[in-house]
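Q: I have a new model open. Please show me how to read its features.

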Amino acid sequence: MPVHRPGTARRSRLSPAGVLLTALTALSLLLTLPTTARADDIPPRGSARLGQGVIEHDGQGGRPTGGDAAQTEGVDVSSHQGNVAWQTLWNSGVKWAYVKATESTSYKNPYFAQQYNGSYNVGMIRGAYHFATPDTSSGAAQANYFASGGGGWSRDGRTLPGALDIEWNPYGAACFGKSQSAMVSWIRDFLTTYKARTGRDAVIYTATSWWKQCTGNYSGFGASNPLWIARYNTSPGELPAGWGFQTMWQYTSSGPTVGDHNKFNGALDRVVALANG
């Protein structure tokens, strides 16, 4: 009977076929690991929020240092914030807010009533926004869903026009699988339908780098649709083509009470003017 001597390697008892099977099994496990990790990184549908892709794609820098121009502080919220301490925000100087209402044609923010009505009840001027998913349905379908699901408008001096959140796709390809011309058509379809439903031109929230990549830096909406620019840095930076100035600027996602803070490009009376149309 063979004896294993110390200091010598014990030979594998696997047959050549067994060795091959073991190697193939190990290779199969290695190949599936990246796929599983990528799947785990994809958030559930409905969970997207304003500015979700900004840091990943554009990074972040310092905070605004202020200046001579009047700016009015605002916040934006979604289901991620849950029930919001609106009085705390009001006391800190926040005067306006946008609340996520809908996404695609299948999701409504379960905290919408507390957030939308709560901001109004402490004295804020507030509006609603829709997270666009151009790969799931038409612009018209999503505009109608939004207008019926919290994105309506009334001339009460306290309700801002609805906002279209059009930015990086957190669920897949950055431009939702659309060509630049198809993306422009989708956005136009949404905007046209929203105005027909509410009488107001929707605000467009976006980042310049996304706009360049996914619309070819289209300039045709600047004359009618207010711009809400996303850039977490000391200034709004370069704006998308067609806009000479931003109406609003989301400058951080790490505020003290609510993460997402914004500056309206003007004093409070200009916020009221936008609300009144």
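This is a predicted model: local features need pLDDT of at least 70, side-chain atom pairs count only at pLDDT 80 or more; totals for chains, interfaces and linings use all residues.

Q: Which residues of helix α4 are buried?
A: Buried means under 20% relative accessible area, exposed over 50%, partly exposed in between (1.4 Å probe, protein chains only). Helices are DSSP runs of H or I, at least four residues; strands are runs of E, at least two; both are numbered from the N terminus. In α4 (residues 112–121), Phe-112, Gln-115, Tyr-116, Gly-118 and Ser-119 are buried. They pack against β1 (72–77), α3 (86–91), β2 (96–103) and β4 (125–131).

Q: How do the axes of α6 and α7 cross?
A: Two packed helices are described by the angle and the distance between their axes. Axes are lines fitted to C-alpha atoms, for helices over the stretch in contact (heavy atoms within 4.5 Å), with angles from 0 to 180 degrees between N-to-C directions. The axes of α6 (residues 180–198) and α7 (residues 208–215) come within 7 Å and cross at roughly 115 degrees. So α6 is roughly perpendicular to α7 (under 35 degrees is roughly parallel, over 145 roughly antiparallel, 65 to 115 roughly perpendicular, the rest oblique).

Q: Is Ser-148 buried or exposed?
A: Ser-148, in helix α5 (residues 139–148), is exposed, at 53% relative accessible area.

Definitions and conventions. Residues are numbered from 1 along each chain as its sequence is written. Side-chain values use heavy atoms; hydrogens and water are left out.
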